[in-house]
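Let's take a friendly walk through this structure, starting where two chains meet and ending inside one of them.

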Amino acid sequence: MIKVENLTKRYAGQPAIQDLSFEVSRGEIMGFLGPNGAGKTTTMRILAGFMPPSSGRATVAGYDVFEQSLQARAHLGYMPENVPLYSDMRVTEYLNYRAALKGVQHRRITERVGDVEELCGLKDVKKKLIGTLSKGYRQRVGLADALLAEPDLLILDEPTIGLDPNQIRQVRELIKNLGKHHTILLSTHILPEVEMTCSRVIIIHKGRIEACDTPDNLLGKIRQAGGVVLEAKVGKDNAAEELKKISGVRDVVTDGEDEWKRFSLRVESGADVREEVFRLAADRQWAVRELTQRRATLEDVFVELTHPDQI
Amino acid sequence: MRKFYTLLSREVRGYFHSPIAYIVLIFFLIVSGIDFYFQVSFMNQRQVQYTVQEAFFNSVFFWFAFVLIFPLITMRLFAEEFKLGTIEPLTTAPVRDWQVVLSKFFGALFFYLILWIPTLLYFWIFARIANQPAAHSAGAYFGSYLMLLLLGMFYLSIGCLTSVLTRNQIIAAVISFCAITLLFFLGLVQFILLDVTSTTRDLLGYFSAIEHMGTFSRGVIDTRPIVLYLSITVVMLTLTYQAFQSRKWRL
């Protein structure tokens, strides 16, 4: 559905994205992940036909986004970051206008607009001026707009930014459902969102792709796949040294000012050292109030890839 | 074509959703009303060689209002879309750039023509009350309104160009005001050059909106200004289109 080859975009000589290549096939939900300024919006804008790349090529549904921009644009629904809207129009009026602009057949416009309003929960505000809507509703109007022409591909730039937790959950559910019929490329920096909704993830940093895989595979690949956390009262023992002697433990970080100390154990991948830790604690008579295995999250992958020095 | 009409209707509605449209409408009604009142009362006091309709279209009031309205009509066209970012959903919809440019131009032209509708009423009222026609022939009306249309297209296309060049409406308004005023005064230079046979004087005369309006409001349809204003309008709109497209490379 999307094919990107060696895509580069420079702003006044400064590269915003460099040499991006990836593919998104039909029916996938692709998450686009990266810190602010990594080049997510730039890439999406190029794919949506808002601006041309400096070099490289991108096709949407088989159409070059620059050479055959009109056909490419007819196949996608794009929700820009911050959702710019005409504040002087009413919701239904705006959606009618957008539907006509996107070439929805005249007799189907009312039906389509009704459908997307239903889907995005806009029924209550459909007669309101867009300028008076809250951020969450504006966001939904943007999403409804992207869905109007039943495009094969949805490009959503930060669809959940500025929403409250309930709304985020709703939008996430909506995206999951949409993924059954549409191909979706969505950008975000909310990590649980990607873990829950996306079938594949691209992590982009400083304009380059750092990783591109399924969320599970990414977790598997990470250097330190999780670890064990122990919170205990160890008295005068040099607990960190003793914990380090357990086979499989690579490193121990100690936290805590008072008598309760918190030890974060980095372990070799696949190893479960909780039993040994328990035996050691029982042996030394340490009072334990927490002993958990921490699963690696996408956040770890993300931090490791984008800030390798912080680990 | 359907997309063009969709865009056009959005443009026209956009005017009436914003206070600026009503400000311009009221301002224009007041100034043109005063203009008409003064011309009629002036002609009541002394014998003159021209008709009410000619006087109306050639007075200082008329030109004062005329030059002022164009920046107000055109400043928001592109600048507002750039400022609000709505240019992004607009240009990522499957519409062509020329459709956007032409819809904005014709939307502005439509609003401009609406401004003139009440003036038709003035002449009708005059004819009813004074029991004599406001102009000496129907051709004089036709000529005046044709000139209004041509000048409108010309100045609006300049306004379109200045609005596409910036994201700040005030800057767009100031630049188009300066450009329109300069072009307008270019035609006045011939009254300053006293050398009667000067070719510069003749040349500048070709650009004189005042002179063209004088001719046309007498009912004389001269093709030279028609060609001049239509061709400059086309050039300005082409430049607007190019500038609009260039955003892709400037971004």
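In this predicted model, 22 residues of chain A are in contact with 20 residues of chain B. On the chain B side, helices α1 (2–17) and α6 (87–92) each supply at least two of the residues that touch chain A. The biggest giver is α1(B), with six residues. Sorted by class, the side of chain B that touches chain A holds six nonpolar residues, eight polar ones and six charged ones.

Now let's turn to a sheet in chain A. Four strands build this open sheet, and their pairing is antiparallel. Reading across the sheet, the order is β12-β13-β11-β14.

| Element (chain A) | Residues |
|---|---|
| Strand β11 | residues 227–233 |
| Strand β13 | residues 260–267 |
| Helix α10 | residues 274–284 |

Let's zoom in on one pair. Strands β11 and β13 of chain A pair in the antiparallel sense over seven bridges. Which residue of β13(A) does V228(A) stand opposite? The residue is L265(A).

Finally, look at helix α10 of chain A, which lies across β11 and β14 of chain A. This helix runs at about 170 degrees to β14(A).

How values were computed. Residues numbered from 1 in each chain as written. Chains lettered and ligands numbered in written order. Predicted model: local features only at pLDDT ≥ 70, side-chain atom pairs only at ≥ 80, totals over all residues. Pairing = 2+ DSSP bridges. Contact = placed C-beta atoms within 7 Å. Axes fitted to C-alpha atoms, helices over the stretch in contact; angles between N-to-C directions. Nonpolar A, V, L, I, M, F, W, Y, C, P; charged D, E, K, R; others polar.
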